[in-house]
Amino acid sequence: MKKDGILNPDLNRAIARLGHMDTFVVADCGLPIPQHVEVIDLALVFGIPRFTQVLDAVLKEVVIEGVTLAHEVNGTVAQTWVEDRVGNCAGTIEYVSHEDLKRQVEQASFVIRTGETTPYANVIFHCGVPF
């Protein structure tokens, strides 16, 4: 048994396969996900697990060089959640329309679906390297 960190085996496998410049998404429970993109569905019921809980766990495991958010997140609590955490792991924040964000999800390695119901609580992470 693992001693620490993420316990979900599907999420562990997906994170371990990430390379530099790969992208993955942490999403609320309403984001449409293309059928060809792997979904790691952590949603149990509305609100569980929270977007922030998943961000905190995942950001301990990966190197991030940037994120993409929808313009529509501006001024919301979801923007604060991401910006507060990304500042701790360095990186740039790019804003695109929500429609563009959904198109970019099509290129992601995987999507982690949370139980979050806060509008626009969706972020695309761009992987970096630890060296």
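## Sheet, rings and an annotated histidine

Val25 has Val111 as its bridge partner in strand E5. The model you are looking at is predicted: local features need pLDDT of at least 70, side-chain atom pairs count only at pLDDT 80 or more, and totals for chains, interfaces and linings use all residues. Residues are numbered from 1 along each chain as its sequence is written, and side-chain values use heavy atoms, with hydrogens and water left out.

Let us begin with the sheet. Two strands pair if DSSP finds at least two bridges between them. The sheet is open, has six strands in the order E2-E5-E1-E6-E3-E4, and shows mixed pairing. Strand E2 (38–41) and strand E4 (92–96) stand at the edges with a single partner strand each, so one side of each is left without a neighbour in the sheet. On average, neighbouring strands are turned by 20° against each other, direction ignored.

Helix H2 packs on this sheet and touches E1, strand E3 (64–70), E5 and strand E6 (123–127); contact means heavy atoms within 4.5 Å. The direction of H2 makes about 150° with that of E1, where axes are lines fitted to C-alpha atoms, for helices over the stretch in contact, and angles run from 0 to 180 degrees between N-to-C directions.

Now to the aromatic rings. Rings of Phe, Tyr and Trp (its six-membered ring) pair if their centres lie within 6.5 Å, and planes under 30 degrees apart count as stacked, over 60 as edge-to-face and the rest as tilted. The count comes to three aromatic pairs, among them these two:

| Pair | Centre distance | Plane angle | Class |
|---|---|---|---|
| Phe24 and Phe110 | 5.3 Å | 15° | stacked |
| Phe51 and Trp81 | 5.9 Å | 35° | tilted |

Phe24 lies in strand E1 and Phe110 in strand E5 (residues 110–113), so their pair ties together parts that are 86 residues apart in sequence. Both Phe24 and Phe110 are buried, meaning under 20% relative accessible area, with exposed over 50% and partly exposed in between (1.4 Å probe, protein chains only). Ring pairs also link Phe24, Phe110 and Phe125 into a cluster. Phe51 is buried at 0%, and Trp81 is buried at 13%.

Finally, UniProt (unreviewed entry) places the feature "active site" at His20; such annotations may be inferred rather than shown by experiment, with positions given in the numbering used here and feature names shortened. His20 lies in the loop between helix H1 (9–16) and strand E1 (23–27). His20 counts as partly exposed because its relative accessibility is 41%. Not counting residues up to four places away in sequence, His20 touches Glu65, Cys127, Gly128 and Val129.

Note on methods:
Helix = DSSP H or I, 4+ residues; strand = E, 2+ residues; numbered from the N terminus.
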